[in-house]
Amino acid sequence: MTGPTGARMRRPARTAAGFLAALLPVAVAVGVYAFGRTHTPDYTSGLFGRHGRVSVNDLKARLGSALMALAVVQLLLGLWMYRRLPGAGAAPHRVHPTHRLIGLLAFLLSLPIAYHCITAYGVEFTSSRVAVHSITGCVLYGAFVAKVLVVHSRRLPGWALPAAGGALVTAIALMWYTAALWFFTRSAPGF
């Protein structure tokens, strides 16, 4: 009687690791949601201390717009790297580290915005716009974790990276649409 082969012994370990890796983005999103729902909001807090609500929201809208611009650049660089950008040809080698650097900058730029939102407001459902914004904010960091995991995995199918990157860009765009664009159109004269 012989035992299972080495390949069979490793398969459950890979499956368990894959299952845990799939749960991590969900755990991050649920963790952010749970914190946002249980945390007592401080509506007077600002990004850099206590400020008036309009100036804080103006700063967040501008930072969010910069984040949206970085996400568009990320999307274009990703399409270029995988030869999906029409008419661009093959991407030079410097595009890959540029893509990583801009991704890091986008993540770092998102942190003060998220910190303010979660501490000042938490996760709220006061209107449909606020509910979409709150839930998307939780999903955003889960999508970020998913993209990092997919980038570092060699065992996932080819569609996983574009799906994770697309989810991340979509979350950023939805966040921008429900906050920054809403703020700018509401505060513009004549609206």
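## A buried ring and its partner

F183 has a relative accessibility of 13% and counts as buried, a term for residues under 20% relative accessible area, with exposed meaning over 50% and partly exposed in between (1.4 Å probe, protein chains only). The model is predicted, so local features need pLDDT of at least 70 and side-chain atom pairs count only at pLDDT 80 or more, while totals for chains, interfaces and linings use all residues. Residues are numbered from 1 along each chain as its sequence is written, and side-chain values use heavy atoms, with hydrogens and water left out.

## Aromatic pairs

The structure holds four aromatic pairs. Rings of Phe, Tyr and Trp (its six-membered ring) pair if their centres lie within 6.5 Å; planes under 30 degrees apart count as stacked, over 60 as edge-to-face and the rest as tilted.

One of the pairs joins Y33 and F125; this pair is tilted, at 6.5 Å centre to centre and 50 degrees between the planes. Y33 lies in helix α1 (residues 6-38) and F125 in the loop between α3 (95-120) and α4 (128-152), so the pair ties together parts that are 92 residues apart in sequence. Helices here are DSSP runs (H or I, at least four residues), numbered from the N terminus. Y33 is partly exposed at 32% relative accessible area, and F125 is partly exposed at 39%. F183 and F184 form an edge-to-face pair, 5.8 Å centre to centre with 65 degrees between the planes; F184 is partly exposed at 28%.

## A cluster and a charge over a ring

F107, Y141 and F144 form one aromatic cluster.

R129 lies over the face of W182, 3.6 Å from the ring centre. A charge sits over a ring if NZ of Lys or CZ of Arg is within 6 Å of the ring centre and within 35 degrees of the ring normal.

Methods. Helix = DSSP H or I, 4+ residues; strand = E, 2+ residues; numbered from the N terminus.
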